[in-house]
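Hi,

Here is the structure I promised to pass on to you. My notes on it follow just below.

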Amino acid sequence: MNIVRIVSSFGFYVFRILAIAYLVTGLYAGFALMMGSPLAAPVQSDSRFEIYYPFSQVPFLLGENSTAFVVEMLLGISLYGVFFWLLSNVFSTFRQPKLFTQQGIAHLTWFYRLNFLVPLAVLLLLSVVSSVEQIMVMLVVLHGLLGVFALFMAAIFKQGVHLQNEQDLYI
């Protein structure tokens, strides 16, 4: 069980750092696009834009000047920030001394709900504002598979909590 705690600790920190980076990037990109210059500026052709690193003129993000692209970009960055945050919570569950807890079930439940519902909702939203590409459909399927595995893990954790509670009554 020691190796599980080591790997889950590593996963927790990696995915928490990724989550923070994605969330900050999403907030910064949204702020830069709302504020315009000097944080973001159109590229020569006017159909594209650049978002600069803070306090510099070095391009950080590039994109198309279309509502559909901006919505896709901001949703993608922000929702993957949330995804990595919830994934780090799942890894934090496996770091605890007591494995089967209500908090672990809650982390897994949030994770599988996010993976079932949000990608479908985003796919429906994007189908309204832009054309849906095959890669988006594949991402929805992959998130659905992640959701199924998290659902199974949550069921196992519920059974583990139930057995643990029964055992505590006998002792």
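Helices (H or I, at least four residues) and strands (E, at least two) are DSSP runs, numbered from the N terminus.

A word on provenance: this is a predicted model, where local features need pLDDT of at least 70 and side-chain atom pairs count only at pLDDT 80 or more, while totals for chains, interfaces and linings use all residues. Residues are numbered from 1 along each chain as its sequence is written, and side-chain values use heavy atoms, leaving out hydrogens and water.

Helix α1 spans residues 2–35 and reaches 49 Å from its first C-alpha to its last; the expected value is 50 Å, from 1.5 Å times one less than its number of residues. G36 follows α1 and has a positive phi, near 75 degrees.

Now the cores (buried Ala, Val, Leu, Ile, Met, Phe, Trp, Tyr and Cys residues joined through side-chain atoms within 4.5 Å). The largest nonpolar core has 17 residues, of which F83, F111 and F157 touch the most other members. The elements giving two or more residues to this core are α2 (67–93), α3 (102–129) and α4 (134–170). A second, separate core of 10 residues includes Y28, A29, A32 and I51.

Overall, the chain has four helices and three strands, running α-β-β-β-α-α-α from the N terminus.

Enjoy exploring!

Definitions and conventions: Buried < 20%, exposed > 50% of the residue type's maximum accessible area, 1.4 Å probe, protein only.
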